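Good morning, and thank you for making time on the agenda. I would ask you to keep the sequence and the coordinates in view while I speak.

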Amino acid sequence: MPHTVLLAEDDRAIRNALERALTLEGYQVMAVADGVEALAQAHRNRPDVLVLDVMMPGIDGLQVCRVLRAEGDRTPVLILTALVETADRIAGLDAGADDYVVKPFDVEEVFARLRALLRRTSPVGVGEPHGGAPAGGASVPEAPRQLPERFIEAAGIRMDPRARRAWRGARELELTRTEFELLELLVRNAGIVLDHSTIYDRIWGYDFGPGSKNLAVYVGYLRRKLDDPDGPQLIHTVRGVGYVLRED
């Protein structure tokens with residue numbers, strides 16, 4: 001089976017060129033244009049490796065990396081960056097990235113670094129040595145692939161995306177389809193401010209425009225269902241930007 005690469009790059013020319021090159025190299029590529037879609041794809045179809053541009057609208061590559069690491073996802077991450085200062089590289093590694101390539105890059109360097117990352121994380125196959133041959137010639141079984149966690153949780157909200165059920169504490173929430181998808185987006189990106197256009201694109205597939213109250217209406221619906229009379233508000237408005245889920 002070919003290795004799967006999740007590529008997130010907002011520059012269309014770079015994204016298309018790199019997607020073609022990786023495909024010709026034998027990878028199965030999922031290419032997206034921003035960090036929010038990268039997180040959504042990583043949760044839906046866990047790749048073997050991620051290639052993330054640093055500078056992307058909405059959620060940048062480092063934020064994507066931080067969210068995945070906070071969730072316990074150890075999928076290797078290769079960062080693409082135009083930032084060449086040592087402090088910038090350290091920031092990427094501190095965010096949980098495994099390696100980085102500086103733009104402009106040679107595609108062969110990207111291939112080499114991906115091969116190195118995949119060698120580090122590939123399980124030992126049947127019959128392959130692992131610290132010496134086992135006694136009696138027995139083969140070493142292949143390590144099982146770690147399955148994604150069924151539940152997601154943040155700010156006291158627990159969700160089961162497969163069953164489309166959600167709880168705040170012990171109280172189950174009765175949510176419409178759109179309310180569930182909006183809450184899931186906020187939970188998966190807890191602590192990250194999502195701008196209006198990003199939320200519109202992820203939930204409805206298009207932006208209703210600056211005069212639309214559609215998003216504010218659904219946030220109001222969610223707040224009434226989420227918030228306890230004596231408890232803290234969970235969905236916060238960042239005026240002129242968007243919304244964020246967090247506990248104060």
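I shall go through the sheet and its helices, then a hairpin, then the salt bridges, and finally some backbone features. Please bear in mind throughout that this is a predicted model.

Let me begin with the sheet. Four strands form an open sheet in the order S6-S7-S8-S9, and their pairing is antiparallel. Which strands lie at the edges? They are S6, residues 152-154, and S9, residues 171-173, each of which pairs on one side only. From one strand to the next, the twist averages 25°. If we look at one pairing in detail, S8, residues 165-168, is joined to S9 by three bridges, and the two strands run antiparallel. Within that pairing, Ala166 has Leu173 of S9 as its bridge partner.

Helix H6 lies across S6, S7, S8 and S9, and runs at about 120° to S7, residues 157-160. Helix H8 also packs on the sheet, where it touches S7, S8 and S9, and its direction makes about 160° with that of S9.

I turn now to how the helices pack on each other. As a reminder, a pair of packed helices is described by the angle between the axes and by the distance between them. H6, residues 177-188, and H8, residues 214-226, pack at an angle of about 85°, and their axes are 10 Å apart. H6 is therefore roughly perpendicular to H8. On the H6 side the contact is made by Thr178, Glu179, Leu182 and Leu183. On the H8 side the residues are Leu215, Tyr218, Val219, Tyr221, Leu222, Lys225 and Leu226.

H6 has a further partner in H7, residues 196-203. The axes of H6 and H7 come within 10 Å and cross at roughly 130°, so H6 counts as oblique to H7. The crossing of H6 past H7 is right-handed. Here H6 contributes Thr178, Glu181, Leu182 and Leu185, while H7 contributes Ile199, Arg202 and Ile203.

Next, the hairpin. Strand S11, residues 235-238, is joined to strand S12, residues 242-245, by four bridges, and these strands run antiparallel. Ile235 stands opposite Leu245 of S12. Three residues separate the two strands of the hairpin, and in the turn Gly240 has a positive phi of about 80°.

I come to the salt bridges. How many are there? The count comes to 15. One of them pairs Arg46 with Asp73, with the closest N and O atoms 3.7 Å apart. Arg46 is in the loop between H2 and S3, and Asp73 is in the loop between H3 and S4, so this pair ties together parts that are 27 residues apart in sequence.

Arg113 takes part in two of the bridges I wish to show. With Asp99 the N to O distance is 2.9 Å. Asp99 belongs to strand S5 and Arg113 to helix H5, so that bridge ties together parts 14 residues apart in sequence. Asp99 is buried at 12% relative accessibility, and Arg113 is partly exposed at 27%. With Glu109 the N to O distance is 3.0 Å. Glu109 and Arg113 both lie in H5, four residues apart, which is about one turn of the helix. Glu109 is partly exposed, with a relative accessible area of 32%. Shared partners also link Glu9, Asp53 and Lys103 into one network of salt bridges.

Lys103 leads me to the backbone. Most residues other than glycine have a negative phi, and most peptide bonds are trans. The peptide bond joining Lys103 and Pro104 is cis, with omega about -10°, and Pro104 lies in the loop between S5 and H5.

Two residues call for attention in phi. Ala155, in the loop between S6 and S7, has a positive phi of about 50° although it is not a glycine. Arg164, in the loop between S7 and S8, has a positive phi near 55°. Ala155 is buried, with a relative accessible area of 15%, whereas Arg164 is partly exposed, at 40%.

Thank you. I am glad to take questions.

Definitions and conventions: Residues are numbered from 1 along each chain as its sequence is written. This is a predicted model: local features need pLDDT of at least 70, side-chain atom pairs count only at pLDDT 80 or more; totals for chains, interfaces and linings use all residues. Side-chain values use heavy atoms; hydrogens and water are left out. A salt bridge is a side-chain nitrogen of Lys or Arg within 4 Å of a carboxyl oxygen of Asp or Glu. Buried means under 20% relative accessible area, exposed over 50%, partly exposed in between (1.4 Å probe, protein chains only). Two strands pair if DSSP finds at least two bridges between them. Axes are lines fitted to C-alpha atoms, for helices over the stretch in contact, and angles run from 0 to 180 degrees between N-to-C directions. Angles under 35 degrees count as roughly parallel, over 145 as roughly antiparallel, 65 to 115 as roughly perpendicular and the rest as oblique. A crossing is left-handed if the near helix is turned anticlockwise from the far one by less than a right angle, and right-handed if clockwise. Contact means heavy atoms within 4.5 Å.
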